[in-house]
Amino acid sequence: MSTIEHFHAPETSPSAAPLSPAVRAGDFVFVSGQVPVMDEGSIAAHDIEAQTTQVMKNIEKALRLAGCEMADVCKTTAWLHDARDFGRFNKAYSAFFTPGKFPARTTSEAKLMINILVEIEAVAYKPL
């Protein structure tokens, strides 16, 4: 019988937002949309490369909670505040994956909920 596990970083208090950073459902791990918030709570520099790098680091942390790593990611969805940032976003994003082994991805432009440039969610596959 499959169970659903919810993961939260033990060193942090639960977020005020009603979400779990990572949720395992069977062999899949779903990472909630990550934003460019740094460990101390501030937002990374208002620059697409810096914010994308921070978001990807946050995804790595959420994946580790569930025993996964970036190589396990099979799908991401990204939202950019400004589609003109697409090229620079791609450069920062691609640094987190092995060339030629990128996950499937959807990217769109969106008005984001807070004053940030990028948000990314991920789905990983790692059999139990």
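Modeller: Contact means heavy atoms within 4.5 Å. This is a predicted model, in which local features need pLDDT of at least 70, side-chain atom pairs count only at pLDDT 80 or more, and totals for chains, interfaces and linings use all residues. Residues are numbered from 1 along each chain as its sequence is written, and side-chain values use heavy atoms, with hydrogens and water left out.

Biologist: What is the order of the strands in the open sheet?

Modeller: Strands (E, at least two residues) and helices (H or I, at least four) are DSSP runs, numbered from the N terminus. Two strands pair if DSSP finds at least two bridges between them. The sheet has six strands with mixed pairing, and their order is β1-β2-β3-β6-β4-β5.

Biologist: Which strands stand at the edges?

Modeller: An edge strand here has a single partner strand, so one side of it is left without a neighbour in the sheet. The two strands in that position are β1 and β5 (104-109).

Biologist: What is the average twist from one strand to the next?

Modeller: Angles run from 0 to 180 degrees between N-to-C directions, with axes fitted to C-alpha atoms, for helices over the stretch in contact. For this sheet, the twist from one strand to the next averages 10°.

Biologist: Which residue in β2 stands opposite H6?

Modeller: Strand β1 (residues 4-7) runs antiparallel to β2 (residues 22-25), and four bridges join them. In β2, the residue opposite H6 is V23.

Biologist: Which residue in the turn of the β2 and β3 hairpin has a positive phi?

Modeller: Strand β3 (residues 28-34) is antiparallel to β2 and joined to it by four bridges; one of the bridge pairs sets R24 against V29. The hairpin has two residues between its strands. With a phi of about 65°, the turn residue asked for is G26.

Biologist: Which residue in β6 stands opposite V29?

Modeller: β3 and β6 run antiparallel and are joined by five bridges. Opposite V29, the residue in β6 is A124.

Biologist: What angle does the direction of α1 make with that of β6?

Modeller: Helix α1 packs on the sheet and touches β1, β2, β3, β4 and β6. Its direction makes an angle with that of β6 of about 30°.

Biologist: At what angle does α2 run to β5?

Modeller: Helix α2 lies across β4, β5 and β6. It runs to β5 at about 145°.

Biologist: With which residue does K61 form a salt bridge?

Modeller: A salt bridge is a side-chain nitrogen of Lys or Arg within 4 Å of a carboxyl oxygen of Asp or Glu. The closest N and O atoms of this pair are 2.2 Å apart. K61 lies in helix α1 (residues 48-65), and its partner, 22 residues away, is in the loop between β3 and α1. That partner is D39.

Biologist: Is D72 buried or exposed?

Modeller: D72 forms a salt bridge with K126, with closest N and O atoms 4.0 Å apart. The pair links the loop between α1 and β4 (73-80) to the segment after β6 (118-125), 54 residues apart. Buried means under 20% relative accessible area, exposed over 50%, partly exposed in between (1.4 Å probe, protein chains only). At 16%, D72 is buried.
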